[in-house]
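Hi,

Here is the model we talked about. Have a look at it first, and my notes follow below.

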Amino acid sequence: MNETAASETGSGRGADKAKPAGPKAGRVDPSLFVRKTPDGLNQIDLVVQDMHCAGCLRKVERGLGELPGVEYARANLSTKRVAVRWQPARLKPADIVEKLADTGFEAVPFDPKLLSALDETEERRLLRALGVAGFAAANVMLISVGVWAGLASDMELSTRAFFYWISALIALPAIAYAGQPFFRSALRALRARSMNMDVPISLAVLLATGMSLVQTIVNASHVYFDASVTLLFFLLIGRYLDVQARAKACSAAQNLLGLRAMAATVIGPDGTQHSVPVENLEPGMKVSVASGTRIPADGEVLTGRADIDTSLVTGESVPTAVSPGSKVFAGTLNISAPLTLRVTKRDDDSLLAEIVRLMESAEQGRAGYVRLADRAARIYAPAVHVLAAATLALWFALGAGWETAFTHAIAVLIVTCPCALGLAVPVVQVVATGRLLKHGVLVKASDGLEKLADADTIVFDKTGTLTLGEPELVSAGDAGPVEIALAVALARQSRHPLARALAAHGADIAAPALSDIHEVPGMGMEAMLDGETVRLGNRSFTGADDEVSSHAGPELWLAKSSDAPRRFQFADRARSDAAETIARLTHEGFAIELLSGDREEVVRELAADLNIADWRAEARPDEKIARLEELRAQGRKVLMVGDGLNDAPALRAAHVSMSPSSAADVSQTAADFIFQGADLRPIVETIRIARGARHLVVQNFGLALVYNAVAVPLAVAGYVTPLIAAIAMSSSSITVTLNAVRLNWRRID
Amino acid sequence: MAVLIYLVPAALVLGGLGLAAFLWSLKSGQYDDMEGAAQRILFDDDEMENPPPPKNDPEKKD
């Protein structure tokens with residue numbers, strides 16, 4: 001067993017020895033996220049995004065089990081979280097994160113504040129209600145079968161009464177408990193003076209139960225506890241499937257939110273450093289920002305020069321250089337050298353918070369959308385009640401007893417019970433969500449599919465959406481192979497995105513040996529080659545003259561003291577299938593628009609490449625929203641595809657939205673769909689599946705209506721007992737479910 | 001039919017045991033990670049059952 005463990009973590013082990021002690025710079029201090037368990041242990045929850053299979057699961061759990069003092073380590077593959085409990089005296093939380101990093105997994109602490117809100121999820125409540133309803137349905141059925149058999153043979157009245165009372169004893173508490181999800185939702189709808197599917201369901205269940213209780217007390221011949229309990233059981237199955245699909249999407253979103261929870265390293269007046277959560281930062285505090293970490297708050301640079309990756313905020317892929325006095329924004333990434341900042345704004349006044357606020361106000365515009373199922377319920381539910389009341393009145397008018405009249409009215413309620421209607425949407429949604437997940441698309445909003453099927457206009461962001469968001473070398477100018485090799489050798493030592501692009505371009509070039517390589521923050525790389533200084537960096541650093549025509553994209557210069565500086569030009573290339581995807585979408589009748597925060601010449605070039613006639617450049621977040629409002633006012637239904645933090649409000653304001661999985665956390669949280677991979681193809685696929693799903697939903701509504709058209713007249717005429725109605729109702733639900741599964745077989749190409 | 005006085009409660013108790021077991025399994029978090037549970041079947045060795053004894057210090061390995 002030791003051997004397997006060693007071989008699995010072998011690669012990490014060697015590196016372990018060489019690594020200096022202490023937590024790696026740039027990680028969030030996990031000790032802020034530690035909770036105490038009642039039995040005196042420490043607990044932390046970590047998000048481990050790369051956990052995908054049984055092998056990962058085992059590596060993570062076994063790696064943690066090897067740490068001294070760890071009492072419990074359990075990974076959850078569905079939520080990608082790991083819970084660890086340990087004896088506080090024997091282990092530091094940073095060691096846990098370190099250990100996982102050695103095993104090859106990047107772990108980020110998950111905010112326990114978010115976690116405590118999740119403890120009692122809707123999913124669990126429904127599952128418990130489902131268990132109770134299942135138990136009650138099985139036992140009440142068992143007794144009911146006995147009663148029916150008793151009708152054929154001769155059952156004594158006292159035995160039947162005993163059976164009925166037992167049924168009542170099981171059914172009443174079970175209905176009181178398992179019916180709550182429906183009763184609550186019905187009450188909420190009624191309080192808001194509207195109707196939903198749960199109103200007739202609750203009414204049917206309560207009426208059938210109440211009447212059965214009265215029948216039991218007077219020892220009459222028919223009770224319908226079985227009908228109401230089985231009805232609840234089947235309905236809960238549908239409801240559970242729906243919630244489960246949504247919970248899955250939610251947990252992914254919460255992991256993203258958890259990642260946002262950050263800590264900052266504050267430098268006290270006495271020079272001591274300590275970690276505090278970002279929400280506790282106050283203006284005037286001094287904060288140190290290590291290279292490779294995000295800026296924790298809006299502020300002003302005190303000391304240090306560095307390159308800042310602002311792509312999260314502006315969507316611009318080329319880093320900007322900052323020096324003392326420059327303003328920096330929370331959420332941007334420091335990529336080159338340590339900085340000290342003076343905080344100028346509190347966490348809730350930061351630009352990031354401003355964007356979140358913009359998002360929330362955009363959200364309100366969206367709330368007007370009514371889901372298909374609810375629209376159906378608005379017409380259907382009143383119709384059902386009128387029908388049932390009419391049946392009751394009709395039978396009274398015909399001179400029947402209250403018992404017969406009520407039985408028939410309840411049969412009408414149950415037979416029209418919108419089970420099939422209630423299932424029509426969620427089942428299709430579950431199937432479509434599952435299918436999209438296999439294609440690498442995560443459906444986050446439950447009404448996303450419906451809205452996507454309506455979309456007729458697509459607005460794309462540029463950087464990171466149509467393009468990969470990473471610069472690529474497009475031209476090495478007049479640099480020869482020797483100079484390219486030299487530039488690559490320098491570039492390999494830097495974390496700057498342009499340098500990395502250059503290094504990636506020359507991955508298999510044998511580079512000359514350089515000595516004394518170091519990075520000049522905000523400028524470039526410098527090294528010695530055979531006693532000569534070589535530099536790779538920006539224009540002023542390498543002494544290139546300003547007259548050379550500027551090109552639209554970013555550039556790097558290579559300077560050797562003996563030679564004229566050489567220029568390397570970069571561009572943020574379009575994704576490989578961007579042109580094809582745009583062509584296909586145009587062919588399918590979508591109006592395509594490009595809305596970017598980037599500079600005009602870059603946007604114009606890309607729009608021309610991809611054949612997009614309608615484009616706008618240098619659009620700020622509020623201008624993006626304004627454009628979307630304009631389109632909405634024209635009656636268009638817009639699908640917004642974007643990734644930057646600056647797109648997040650627009651993603652919220654659009655009718656429906658998608659984000660690539662490389663997008664900023666906030667944007668992923670804002671989007672209705674998240675797609676993975678380097679291709680744009682999933683957009684086309686998702687639209688097709690959404691349209692297929694809508695087609696099936698309409699078909700399902702049709703099926704449910706046909707079934708009602710046959711069953712309702714029979715029920716009104718009194719040919720259907722509540723039990724038969726319950727059975728017929730279930731069979732229509734099954735038909736609808738099977739129809740929905742067909743989406744899995746449908747070809748999308 | 002007097003036997004029903006015993007049989008019906010017996011049936012209910014058995015069903016109730018099943019329900020109690022389900023509620024317990026739900027409460028102890030066995031439904032929290034359906035995907036992980038499916039994958040855990042593939043662990044083919046017994047060591048997951050018995051976590052490594054404390055004396056097995058990581059430093060001592062190889």
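Helices (H or I, at least four residues) and strands (E, at least two) are DSSP runs, numbered from the N terminus. This is a predicted model, so local features need pLDDT of at least 70 and side-chain atom pairs count only at pLDDT 80 or more, while totals for chains, interfaces and linings use all residues. Residues are numbered from 1 along each chain as its sequence is written, with chains lettered from A and ligands numbered from 1 in the order in which they are written.

Let me start with a loop. Ser494(A) sits between helix H18 (481-491) and helix H19 (497-505) of chain A. Is Ser494(A) buried or exposed? It counts as buried, because it has 22 C-beta neighbours inside 10 Å (buried takes 20 or more other C-beta atoms within 10 Å, exposed 12 or fewer, partly exposed in between, with C-beta atoms placed from the backbone). Setting aside neighbours within four places in sequence, Ser494(A) is in contact with Ala499(A), Glu519(A) and Met525(A); contact means C-beta atoms, placed from the backbone, within 7 Å. Ser494(A) and Glu519(A) are 25 residues apart in sequence, yet their C-alpha atoms are 7.2 Å apart.

Next, helix H23 (residues 621-633) of chain A. At 1.5 Å a residue its 13 residues should span 18 Å, and the end C-alpha atoms are 19 Å apart, which agrees (the expected span is 1.5 Å times one less than the number of residues). The buried residues of H23(A) are Pro621(A), Lys624(A), Ile625(A), Leu628(A) and Leu631(A). They cover an arc of only 120° around the axis, so they are on the same side of H23(A); the arc is that of the directions from the helix axis to the C-beta atoms. Exposed Glu630(A) and Ala633(A) are on the face turned away from that buried side. After H23(A) comes Gly635(A), with a positive phi near 85°.

Now the chain pair: 25 residues of chain A are in contact with 27 residues of chain B. H6(A) gives the most to chain A's side, with nine residues. By class, that side has 13 nonpolar, seven polar and five charged residues (Ala, Val, Leu, Ile, Met, Phe, Trp, Tyr, Cys and Pro are nonpolar, Asp, Glu, Lys and Arg charged, and the others, Gly among them, polar).

Finally, helix H4 (residues 93-103) of chain A has buried residues including Ile96(A), Val97(A) and Leu100(A). H4(A) is followed by Gly104(A), which has a positive phi near 100°.

Cheers

Notes:
Contact = placed C-beta atoms within 7 Å.
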